[in-house]
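Trainee: I am new to this structure and would like a close look at a single part of it. Could you take me through the pockets and what surrounds them?

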Amino acid sequence: MAAPLHHVDIPFEKATFGMGCYWGTDSLFGATLGVLRTRVGYSGGTTGVPKGKDIGDNVEVIEIHYDPTKITYSQLLEMFWENHEYRASARLKREYMTMIQYHSEDQRELAEASKAAQQAKEPEEVVATEIVPASPLYPAADHNQKYRLQGHVDLAKGLGLTSELLQSSHVAARLNGYLVGAGGLEQFEAEADQLGLSDAQKQYVRNYLIENDGAGIAC
């Protein structure tokens, strides 16, 4: 039986970030209060739709749907800067480059101001982040969506996750973070009853959250 809060039908805004490998950021943002759902894919290129492993000149990105009454775009930008390599000295290949895609003029202004502030903090470095208009997102294959959650095969199966739900489920986004220690035990306990989990599923997630708490987000 699918959990009742797979879908959260409230007004939302989008944020799109390129932060290197998208598995870790999917967990990070998925467990963040105010974030409703996430999906990962490829965007920002000129070569069109990726074909299998050939993504052309597209960039790995995460698309975040968030409730602006619970978390602000500026707060999401803070997480962006704190949780990936944005310096030119990193010499990352284009697929993993640092990028902010803005969905409105307000987002563009906030993104540019945040980049300038970050550059001022590190005058000896070059902040390489590109700030560009949002472009079409080509979703990654199913096995890349909610990657950490899907590693828990029985739990994922019990949630009734379909191809569509891997990209749209609120519950999947949350658990994909909690299972690697993101979000914290206090937050999980506060909302566990709202996620539609059985007692056994709650305890399963709780055990992994405690085990992985503080381990950090890695790809």
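Mentor: In this predicted model, the residues that line the largest pocket divide into 11 nonpolar, 3 polar and 3 charged. That makes a lining of 17 residues, of which Tyr 22, Tyr 42, Gly 52, Lys 53 and Asn 144 lie nearest the centre of the pocket, and the space itself has a volume of about 320 Å³. Helix H1, residues 22-30, and strand E6, residues 138-139, each supply at least two residues of this lining.

The second largest pocket holds about 180 Å³ of space, and its lining divides into 7 nonpolar, 3 polar and 4 charged residues. Here 14 residues form the lining, with Leu 36, His 170, Arg 174, Glu 191 and Gln 194 lying nearest the centre, while strand E2, residues 35-43, and helix H7, residues 170-178, each contribute at least two residues.

Two of the residues nearest that centre, Arg 174 and Glu 191, also deserve attention as a pair, for they form a salt bridge whose closest N and O atoms are 2.7 Å apart. This pair links distant parts of the chain, with Arg 174 in helix H7 and Glu 191 in helix H8, residues 185-191, at a separation of 17 residues. Buried means under 20% relative accessible area, so Arg 174, with a value of 3%, counts as buried, and Glu 191, with a value of 10%, is buried as well.

Note on methods. Residues numbered from 1 in each chain as written. Predicted model: local features only at pLDDT ≥ 70, side-chain atom pairs only at ≥ 80, totals over all residues. Heavy atoms only, no water. 1 Å grid on protein atoms, 1.4 Å probe; cavity = no way out; pocket = protein on both sides within 12 Å on 5 of 7 lines; lining within 4 Å. Points joined across faces, edges and corners; volume = space filled by probe spheres on them. Helix = DSSP H or I, 4+ residues; strand = E, 2+ residues; numbered from the N terminus. Nonpolar A, V, L, I, M, F, W, Y, C, P; charged D, E, K, R; others polar. Salt bridge = Lys/Arg side-chain N within 4 Å of Asp/Glu carboxyl O. Buried < 20%, exposed > 50% of the residue type's maximum accessible area, 1.4 Å probe, protein only.
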